[in-house]
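Dear colleague,

I am handing over the structure below, together with notes on what was found in it. Please read the notes alongside the model.

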Amino acid sequence: MRAPSRLLAPHVSTTTLFAHFRSKEALVFDREQDVDAALTAAVRERPGGQGVVEALRAHALKSWVPIVTDPRRASFTALVRDTPALREYGERMWMRHADTLSAVIAAELEREPDDPACAALARFVLEVPALTAGRHDPRATVETVFDLLLHGWRAQAGPSDAVAADGLPD
């Protein structure tokens, strides 16, 4: 977590402040555009031959693991969790990221903009930070989640899960 990137001098008027931030909540979530741009770049600017899921895994490992392991994250998370307006804004913001990511994935894979598989992948990817929070090894958690996204449940399942997954034995 870091201080807002667009901090203004203390003598700046409220009017001027809100010319830079569209709401009070946006002051707390000042990196929204940066996150959208980074997700878009992770997909569009991936190395040749690298798949979308692998590109998003690399992004998560590089960008999200350091945030999840930052000791200041707990206080930021508590602030958002305990402030209804911030919690609601954060959830809406994260869904805007899902919409952006879904559209970028669909475009890169030459699918329809409202492709349900692209929308599902975007939402699953955006759950990774929440799934890694509080884990002993966030990096391993990211790897596990992306392995699941890339290879599906059968690659993760044990012997009894192989039957339970679709009701039929392998």
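I begin with glutamate 110, which is placed in the loop between H6 and H7, where helices (H or I, at least four residues) and strands (E, at least two) are DSSP runs, numbered from the N terminus. Phi of glutamate 110 is near 55°, a positive value in a residue other than glycine. Glutamate 110 counts as exposed because its relative accessibility is 75%, on a scale where buried means under 20% relative accessible area, exposed over 50%, and partly exposed in between (1.4 Å probe, protein chains only).

Some conventions apply throughout. This is a predicted model, in which local features need pLDDT of at least 70 and side-chain atom pairs count only at pLDDT 80 or more, while totals for chains, interfaces and linings use all residues. Residues are numbered from 1 along each chain as its sequence is written, and side-chain values use heavy atoms, with hydrogens and water left out.

As to the overall fold, the protein chain comes to 11 helices and 0 strands, and its pattern along the sequence reads α-α-α-α-α-α-α-α-α-α-α. Of the 170 residues in the protein chain, 31% are buried. Among contacts (heavy atoms within 4.5 Å) between residues at least 6 apart in sequence, 61% join residues at least 24 apart.

On the H6 side the contact is made by Trp94, Met95, His97, Ala98, Leu101, Ser102, Ile105 and Ala106, which meet Cys118, Ala119, Leu121, Ala122, Arg123, Val125 and Leu126 in H7. These residues divide into 12 nonpolar, 2 polar and 1 charged, where Ala, Val, Leu, Ile, Met, Phe, Trp, Tyr, Cys and Pro count as nonpolar, Asp, Glu, Lys and Arg as charged, and the others, Gly among them, as polar.

The count of aromatic pairs comes to 1, with rings of Phe, Tyr and Trp (its six-membered ring) pairing if their centres lie within 6.5 Å, and planes under 30 degrees apart taken as stacked, over 60 as edge-to-face and the rest as tilted. Tryptophan 64 and tryptophan 94 form this tilted pair, at 6.3 Å centre to centre and with 45° between the planes. The pair links distant parts of the chain, since tryptophan 64 is in helix H4 (residues 52-68) and tryptophan 94 in helix H6, 30 residues apart. Tryptophan 64 is buried, with a relative accessible area of 8%, whereas tryptophan 94, at 22%, counts as partly exposed.

Two residues of helix H9 (residues 138-151) complete these notes, and one of them is leucine 149. Leucine 149 is partly exposed at 24% relative accessibility, and, leaving aside residues up to four places away in sequence, leucine 149 touches Val53, Leu121, Phe124 and Val125.
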